[in-house]
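Come along if you like.

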Amino acid sequence: MLRNNITEYGLIAKIFHWATFLFLIIQIPFGFYISDLEFSVERMNFENYHNIGGIIIFYVVLARLIWKFLNPAPKNNSTVVWQVLLAKLNHFLLYLFVIVIVISGVLKKFFIEEPVNMLFFNLQSSKTIFKLSDIFNELHEVGVVILIGLILLHVFAVIYHHVFLKDKILKKIL
Ligand code: HEM
Ligand code: HEM
């Protein structure tokens, strides 16, 4: 079953969900690793891989959002209104922060005239604006910390449902 139905996510949504998870679980530690390296050719190569990884995540999330728009999510079975709203807010913020992190990563390189590989084209500025690059650098870092918090909240909510409420929420996406 490719499409979502009222109780479960379809195969395409499941692949999108777990692909995002897999990419992020590599991209986040890799980013921290790079930011600790001294300036070197190796670091520049790693930054390029990190750039490409981030852009792949960006396109996956865009495709995922288009699919979500065409194919609404299964019904939330909870009768507790605040939990339904919190889950919706958490999902919205997960999408939002992945996008904020990618765009800030792109712009922090862009504003110091570094070429940015967007896979289908390259972005290259002809003017350096350190101040803007610094702001996007901060946003990239803060965005990552917030995203990690959102993922932890998401995973704890799923564990709570699975272990304590013993409902079928995890089965929806497996
Ligand atoms: C979802 C996608 C991405 C995630 C989860 C991510 C995550 C991270 C993390 C955890 C760090 C280390 C903390 C920091 O210094 O900010 C980092 C650093 C960095 N990221 Fe990303 N990143 C993503 C996308 C991108 C993209 C698309 C670019 C550029 C096109 C980029 C460029 C960089 C650079 C240059 C650094 C090193 C910063 C420094 O220490 O000077 N990132 N990223
Ligand atoms: C071990 C890790 C994870 C588990 C067990 C998990 C589990 C789940 C489950 C059970 C749902 C269905 C919730 C529902 O429909 O009520 C879901 C949805 C979702 N998950 Fe995860 N997830 C994990 C990691 C992630 C990560 C890393 C992200 C980061 C972007 C993420 C983003 C989402 C989003 C955005 C939805 C909502 C999908 C929609 O738009 O309807 N998940 N996840």
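**Entry 1: what I am looking at**
I began with a reminder to myself that this is a predicted model. I then asked how many helices and strands the protein chain has. I found four helices and two strands. Walking along the sequence, I noted the order α-α-α-β-β-α.

**Entry 2: overall dimensions and burial**
I looked up the extent of the C-alpha trace, and along its principal axes it spans about 55 × 30 × 25 Å. The protein chain has 174 residues, and 14% of them are buried. I also checked how far apart in sequence the contacting residues sit. Taking contacts between residues at least 6 apart, I got 66% that join residues at least 24 apart.

**Entry 3: the nonpolar core**
Which residues form the largest nonpolar core? I listed twelve: Ile57, Phe97, Val98, Ile101, Val102, Val106, Leu107, Phe110, Phe111, Phe136, Val144 and Leu150. Two helices, α3 (81-110) and α4 (130-165), each bring at least two residues to this core. The top contributor is α3, which supplies seven.
Setting aside neighbours within four places in sequence, I saw Phe110 in contact with Val116, Leu123 and Ser125.

**Entry 4: around ligand 1**
Next I turned to ligand 1 and counted 23 residues surrounding it. The closest are Gly31, Ser35, Asn51, Gly54 and Gly105. Helices α1, α2 (41-70), α3 and α4 each give two or more residues to this shell. Which element gives the most to the shell around ligand 1? My answer is α1, with seven residues. Sorting the shell by class, I wrote down twelve nonpolar, eight polar and three charged residues.

**Entry 5: around ligand 2**
Ligand 2 has 21 residues around it, and I marked Phe21, Ala73, His91, Leu94 and Ile173 as the ones that come nearest. The elements giving two or more residues here are α1 (11-35), α3 and α4. For ligand 2 the largest share comes from α3, with five residues. By class, I have 14 nonpolar, five polar and two charged residues in this shell.

Key: Residues are numbered from 1 along each chain as its sequence is written. Chains are lettered from A and ligands numbered from 1 in the order in which they are written. This is a predicted model: local features need pLDDT of at least 70, side-chain atom pairs count only at pLDDT 80 or more; totals for chains, interfaces and linings use all residues. A residue is buried if 20 or more other C-beta atoms lie within 10 Å of its own, exposed if 12 or fewer, and partly exposed in between; C-beta atoms are placed from the backbone. Two residues are in contact if their C-beta atoms, placed from the backbone, lie within 7 Å. A nonpolar core is a set of buried Ala, Val, Leu, Ile, Met, Phe, Trp, Tyr and Cys residues joined through C-beta atoms within 7 Å. A residue is near a molecule or strand if its C-beta atom, placed from the backbone, lies within 6 Å of it. Ala, Val, Leu, Ile, Met, Phe, Trp, Tyr, Cys and Pro count as nonpolar, Asp, Glu, Lys and Arg as charged, and the others, Gly among them, as polar.
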